[in-house]
Amino acid sequence: AASTIPWRRVVVKLSGEALMGSSSHGLDAPTLNRIAGDLAGAAALGVEVAVVVGGGNFFRGIAGADKGIERARADSIGMLATVMNGLALEYAIEKQGQSARTLSSIPMPSICEPYSRQTALHHLGKGRIVVLAGGTGNPFFTTDTGAALRGAELSCDLIMKATQVDGIYSADPKRDPTAVRYDKLTHDEAISKNLAVMDTAAFALARENRIPIIVFSIGEAGAISAALLGKGRATYVSP
Ligand code: UDP
């Protein structure tokens, strides 16, 4: 099977919302287990898998700022939220019988290893799924940018952006019935059309480092493996 997969090492961007299932916030155990199984399935294909987790199911910096917490402080809280998701995801992946390690951009060594490029590459080389928590470690960024940054740093050949819909649309398909879906786009097009699926900083970083992005729905079991094998609907962004 490995010969049919053009990807050697990928980074998956998983938003916090993907982990909350039909709940309004926090973690949903069946959803967490399904996604953990999906990630384990992707690793079983022989692909090295890094995962950048978001934190929006617990806390977002912008929401905190709206409530009067200064943005930099609110973003620190948001980054801690991503660590909560990372630890939960690592546990769920290991329960599937697949080894995983959480690395945090904000060092908290009694809970998980601090992120370094060398540590991440070491674990990936051992076939472990590396869960990257803490985003970039800096306020005023997002975990989308974290995924593009780690993707570049770890020489990933694909950024896999998991969403609630099956690709990039010209407008939000849940709100606008006239929205059209794209099969393929260039980074330039995604940026110039202002397609809101990832923030511009993330697209720009991916463009500069010529890393393709696949945008796909994480709604069904097996979605990550399907995207790796070129099956299922998705939008493919390439230079
Ligand atoms: N965050 C940050 N720097 C980063 C990544 C994340 O400050 O490099 C904070 C920011 O407040 C953000 C929150 O962490 O709102 C959660 O991340 P994000 O919104 O990207 O999560 P997602 O929407 O993917 O669940």
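This is a predicted model: local features need pLDDT of at least 70, side-chain atom pairs count only at pLDDT 80 or more; totals for chains, interfaces and linings use all residues.
A residue counts as buried when 20 or more other C-beta atoms lie within 10 Å of its own.

**Helix H7 and what follows**

Let us start with helix H7, which covers residues 200-208. Its buried residues are Ala202, Phe203, Leu205, Ala206 and Arg207. Just past the end of H7, Arg210 has a positive phi of about 55°.

Next comes Ile211, in the loop that links H7 to E10. Is Ile211 buried or exposed? Ile211 is buried, because 23 other C-beta atoms lie within 10 Å. Setting aside residues up to four places away in sequence, Ile211 touches Gly151, Ala152, Cys156, Ile159 and Ala206. Glu113 is 98 residues from Ile211 along the chain, and 27 Å separates their C-alpha atoms.

**The nonpolar core**

In soluble globular proteins, nonpolar side chains tend to be buried together. Here the largest nonpolar core has 67 residues. The members that touch the most others are Val12, Leu39, Val51, Ile159 and Met160. Helix H1, residues 29-44, gives the most to this core, with seven residues. Beyond its neighbours within four places in sequence, Val12 is in contact with Leu39, Val49, Val51, Met160, Ala162 and Ile224.

**Where H1 meets H3**

Leu39 turns up again in the packing of H1 on helix H3, which runs over residues 71-95. The axes of H1 and H3 are 8 Å apart and lie at an angle of about 65°, and the crossing is right-handed. The table shows which residues each helix brings to the contact.

| Helix | Residues in the contact |
|---|---|
| H1 | Leu32, Asn33, Ala36, Leu39, Ala40 |
| H3 | Ala88, Leu89, Ala92, Ile93, Lys95 |

By class, this contact has eight nonpolar residues, one polar and one charged.

**Around the ligand**

H3 also has a part in the shell around the ligand. How many residues surround the ligand? There are 21, and the closest are Gly54, Gly56, Gly61, Gly78 and Gly135. The elements that give two or more residues to this shell are H3 and H5, and H3 gives the most, with five. Sorted by class, the shell holds 14 polar, four nonpolar and three charged residues.

How values were computed:
Residues are numbered from 1 along each chain as its sequence is written. A nonpolar core is a set of buried Ala, Val, Leu, Ile, Met, Phe, Trp, Tyr and Cys residues joined through C-beta atoms within 7 Å. A residue is buried if 20 or more other C-beta atoms lie within 10 Å of its own, exposed if 12 or fewer, and partly exposed in between; C-beta atoms are placed from the backbone. Helices (H or I, at least four residues) and strands (E, at least two) are DSSP runs, numbered from the N terminus. Two residues are in contact if their C-beta atoms, placed from the backbone, lie within 7 Å. Axes are lines fitted to C-alpha atoms, for helices over the stretch in contact, and angles run from 0 to 180 degrees between N-to-C directions. A crossing is left-handed if the near helix is turned anticlockwise from the far one by less than a right angle, and right-handed if clockwise. Ala, Val, Leu, Ile, Met, Phe, Trp, Tyr, Cys and Pro count as nonpolar, Asp, Glu, Lys and Arg as charged, and the others, Gly among them, as polar. A residue is near a molecule or strand if its C-beta atom, placed from the backbone, lies within 6 Å of it.
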